[in-house]
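Q: I have this one open on my screen. Can we go through it?

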Amino acid sequence: MRKVKLFKGVESELSGLETDINTWLAESGAELISVSGNIAPQTHFPTAPDSFSVSDVLVILTYEAPSA
C-alpha cells in the first residue's frame with residue numbers, strides 16, 4: 001500500500017533534515033517511490049534591509065509500506 005511521509009525543516013539546517021529522512025528510510029524499510037518538496041518564500045524584515053528570515057522546507061516522500 002502506498003503512503004505519504006512529510007518532513008519539515010528550515011533551510012539553515014538542511015543537513016539535519018537529510019539525516020532525518022535517510023535515517024527514517026533506513027529504519028522503516030520503506031521502498032521510496034517519489035520525492036518532492038517546497039521551500040516557503042523568505043520574509044523580508046523592513047527594519048533590516050538586507051535581512052531575510054529563514055525559510056521553511058517541506059519534503060514529501062511517497063513510499064510503499066513494507067510487507068508485514
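Q: What does Phe-7 touch, not counting residues up to four places away in sequence?
A: Phe-7 touches Leu-17, Asp-20, Ile-21, Trp-24, Val-57, Leu-58, Val-59 and Leu-61, where contact means heavy atoms within 4.5 Å. This is a predicted model, in which local features need pLDDT of at least 70, side-chain atom pairs count only at pLDDT 80 or more, and totals for chains, interfaces and linings use all residues. Residues are numbered from 1 along each chain as its sequence is written, and side-chain values use heavy atoms, with hydrogens and water left out.

Q: Which residues make up the largest nonpolar core?
A: That core has 10 residues: Phe-7, Leu-17, Ile-21, Trp-24, Leu-25, Ala-30, Val-57, Val-59, Leu-61 and Tyr-63. At least two residues come from α1 (14-28), and at least two from β3. A nonpolar core here is a set of buried Ala, Val, Leu, Ile, Met, Phe, Trp, Tyr and Cys residues joined through side-chain atoms within 4.5 Å.

Q: Switching to Ser-55: buried or exposed?
A: Ser-55 is buried, with a relative accessible area of 2%; buried means under 20%, exposed over 50%, partly exposed in between (1.4 Å probe, protein chains only).

Q: And where is Ser-55 found?
A: Ser-55 sits in the loop between β2 (31-39) and β3 (56-64). Strands are DSSP runs of E, at least two residues, numbered from the N terminus, and helices are runs of H or I, at least four.

Q: OK, how do the elements of the chain run?
A: From the N terminus on, the order is β-α-β-β.
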